[in-house]
Structures are given as structure tokens and as C-alpha cells.
Amino acid sequence: MNQDLISELTKDYIKADTPPFKVGDGVKVHTRVVEGGKERIQIFAGIVISRRGSGVNETFTVRRISYGEGVEKVFPVNSPLISKIEIEKESKVMRARMYYLRGLVGKKAMQVKEKRLAKGKH
């Protein structure tokens, strides 16, 4: 009963136009930034390393390398400040979270390990 009431109240705040992205995908997140009276769009591009939560509380973490330093940002999926999410690159990963990317350095930190099935074996 209680959960039904919460989902009923929050259904108006869930965005319908978010693309179906998953962990391991390369995305560009377009966020609206308000500075003083001006508003502009800022893009944060990187790899989605985790998704957590559900409904209105769902968030995803994007990681990128900026000037040799790893930078991560956590975005709410249903935030009104996110104008759009573009999927640059899709990948097929066998993990729910990609926290192992935090320990990698250089070019390897932005490459997603993909599991390939051998021929004839499933």
C-alpha cells in the first residue's frame, strides 16, 4: 500500500524521453548550467560505470579522464537539469558495475573489456 502511494505520487516526475543506455556505454550528458541570469548547455562525455536506484531516485555515474586525472560525476536520470543523453558507443559488458576502471591508467582506463564467446561454446 505504502509503495503504491509513493509510485503514484512520483510517476509525474519520471522522464519518458531518456534513451535506454546501460553500464559500459559511452555517453554524452548535456546538462543545463545556470550562471547568474544566463543559461548554457555543458557536455560531460565518458563511460557509464554504474546505475543504481529505481524510479525517481535512479542515478548513473559517468567517468572520464581529464588532463590525466579520472573524473566521475553522478547524475540523476530524471533530473530536469539534464537536457538530453546521447549514446556515443554501445558495448557489451558482463558486469553490473565497472569500478575496476578506477585502478587503470592511460588509454586502458577508457577502454571497456568485452567478453567474447569462443566459437561453438556458449
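His-30 stands opposite Lys-84 in β5. That pair belongs to a predicted model, where local features need pLDDT of at least 70, side-chain atom pairs count only at pLDDT 80 or more, and totals for chains, interfaces and linings use all residues. Residues are numbered from 1 along each chain as its sequence is written, and side-chain values use heavy atoms, leaving out hydrogens and water.

**The sheet**

- Five strands make an open sheet, ordered β4-β3-β2-β1-β5, with antiparallel pairing. Strands here are DSSP runs of E with at least two residues, numbered from the N terminus, and two of them pair if DSSP finds at least two bridges between them.
- At the edges sit β4 (69-76) and β5 (82-89), each pairing on one side only.
- From one strand to the next, the twist averages 40°; the axes behind such angles are lines fitted to C-alpha atoms, and the angles run from 0 to 180 degrees between N-to-C directions.
- Strands of a sheet pair through backbone hydrogen bonds, either parallel or antiparallel.

**Strand by strand**

- β1 (residues 26-35) is joined to β5 by six bridges.
- β2 and β3 share five bridges, and Arg-52 faces Thr-59 in β3. In their hairpin, with six residues between the strands, Gly-53 has a positive phi near 85°.
- Eight bridges link β3 to β4, where Thr-59 stands opposite Pro-76.

**The cores**

- The largest nonpolar core has eleven residues, including Val-27, Phe-44, Val-62 and Ile-85. Such a core is a set of buried Ala, Val, Leu, Ile, Met, Phe, Trp, Tyr and Cys residues joined through side-chain atoms within 4.5 Å.
- β1, β2, β3 and β5 each supply at least two residues of this core.
- Another core lies apart from it, with seven residues, among them Val-23 and Val-112.

**Rings and a loop residue**

- Phe-21, Phe-44, Phe-60 and Phe-75 form one aromatic cluster; rings of Phe, Tyr and Trp (its six-membered ring) pair if their centres lie within 6.5 Å, and count as stacked with planes under 30 degrees apart, edge-to-face over 60 and tilted for the rest.
- Glu-58 sits in the loop between β2 (38-52) and β3 (59-66). Is Glu-58 buried or exposed? Glu-58 is buried, because its relative accessible area is 18% and buried means under 20% (exposed is over 50%, partly exposed in between; 1.4 Å probe, protein chains only).

How values were computed: Helices (H or I, at least four residues) and strands (E, at least two) are DSSP runs, numbered from the N terminus.
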